[in-house]
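Have the structure open beside you as you read.

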Amino acid sequence: LKLAAFLRATNAVSRDGRYRIWYLSSPIYALGQNPFGSPSVFNFYSPAYRTTELPNGWVAPELQIINEATITSSTNFFSQKISEYREGAVPPNDTDKIIYPDYRALAALAGTPRDLVNALDRVLLFGTLGATSRAAITDAVAQVSINNDGGVARAQTAMFLVLASPDFAVQR
């Protein structure tokens with residue numbers, strides 16, 4: 001779901017019209033889950049999962065898939081995907097990179113970091129980005145200079161910080 005949200009938010013394109021996405025199950029370099037690859041009928045976690053930090057009788061199934069390892073691996077995964085291609089929507093002649101994000105619409109908002117963060121909040125979080133995260137991300141994006149890239153670096157920084165935020169970690 002996180003990858004699909006990123007692809008939609010950047011109007012990602014594929015050179016041949018196919019979206020070949022595989023090997024997402026790596027707990028170190030990817031998202032820790034493959035589409036249609038859950039280990040049980042309960043998806044990627046047991047509905048009865050508990051941690052020792054919760055009071056007796058409480059369950060927290062989401063903590064089975066959102067933990068130190070998956071937070072780190074998904075952050076690394078998105079960092080790589082976001083920075084793979086900077087120039088816009090025209091894919092380079094490179095067969096290793098199958099899907100290409102288009103940052104032009106987001107880069108157009110880069111002159112006003114608040115507008116850029118608000119746009120990502122609407123597209124990725126449906127307006128649920130918390131005030132603390134919003135302020136921290138907006139301040140960080142404002143520190144990125146707009147050079148010859150037309151605001152792409154700012155757009156990519158904002159995208160990364162929203163995707164790495166705790167607000168984006170849990171689907172609501």
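Let's begin with helix 4 and helix 6. These two helices are oblique to each other, because their axes cross at roughly 45°. Helix 4 covers residues 113-125, helix 6 covers residues 152-164, and their axes come within 10 Å. The crossing of this pair is right-handed.

Which residues make the contact between helix 4 and helix 6? On the helix 4 side, look for Pro113, Leu116, Leu120, Leu124 and Leu125. On the helix 6 side, you will find Arg154, Ala155, Ala158, Met159, Val162 and Leu163. Sorted by class, this contact has 10 nonpolar residues, no polar ones and one charged residue.

Before going on, a word about confidence. This is a predicted model, and the protein chain has an average pLDDT of 81. A pLDDT of at least 70 is reached by 82% of the residues. Over residues 87-91, however, pLDDT stays under 50. For that stretch the model has 11 contacts beyond four places in sequence. Where pLDDT is low, the predicted coordinates should not be read in detail.

Helix 6 also packs against helix 5, which spans residues 131-142. Are helix 5 and helix 6 roughly parallel or roughly antiparallel? They are roughly antiparallel, because their angle is about 155° and angles over 145 degrees count that way. Their crossing is right-handed. In this contact, Ile137, Ala140, Val141 and Ala142 of helix 5 meet Arg154, Thr157, Ala158, Leu161 and Val162 of helix 6. By class, that gives seven nonpolar residues, one polar and one charged.

Now move to the pair formed by helix 1 and helix 2. Their axes lie 12 Å apart, at an angle of about 20°. That angle makes helix 1 roughly parallel to helix 2. Lys2, Leu3 and Phe6 of helix 1 touch Ser74, Phe77, Phe78, Lys81 and Ile82 of helix 2. Here the residues divide into five nonpolar, one polar and two charged.

| Helix pair | Angle | Axes |
|---|---|---|
| Helix 4 and helix 6 | roughly 45° | within 10 Å |
| Helix 5 and helix 6 | about 155° | 9 Å apart |
| Helix 1 and helix 2 | about 20° | 12 Å apart |

Finally, let's turn to the aromatic rings. How many aromatic pairs does a search of the whole structure find? It finds two. One of them joins Phe6 and Phe78 edge-to-face, with 5.8 Å from centre to centre and 70° between the planes. This pair links distant parts of the chain: Phe6 sits in helix 1 (residues 2-9) and Phe78 in helix 2 (residues 68-83), 72 residues apart. Both Phe6 and Phe78 also belong to the contact of helix 1 with helix 2 described above.

Notes. Residues are numbered from 1 along each chain as its sequence is written. This is a predicted model: local features need pLDDT of at least 70, side-chain atom pairs count only at pLDDT 80 or more; totals for chains, interfaces and linings use all residues. Side-chain values use heavy atoms; hydrogens and water are left out. pLDDT is the predictor's confidence in each residue, from 0 to 100. Contact means heavy atoms within 4.5 Å. Axes are lines fitted to C-alpha atoms, for helices over the stretch in contact, and angles run from 0 to 180 degrees between N-to-C directions. Helices (H or I, at least four residues) and strands (E, at least two) are DSSP runs, numbered from the N terminus. Angles under 35 degrees count as roughly parallel, over 145 as roughly antiparallel, 65 to 115 as roughly perpendicular and the rest as oblique. A crossing is left-handed if the near helix is turned anticlockwise from the far one by less than a right angle, and right-handed if clockwise. Ala, Val, Leu, Ile, Met, Phe, Trp, Tyr, Cys and Pro count as nonpolar, Asp, Glu, Lys and Arg as charged, and the others, Gly among them, as polar. Rings of Phe, Tyr and Trp (its six-membered ring) pair if their centres lie within 6.5 Å; planes under 30 degrees apart count as stacked, over 60 as edge-to-face and the rest as tilted.
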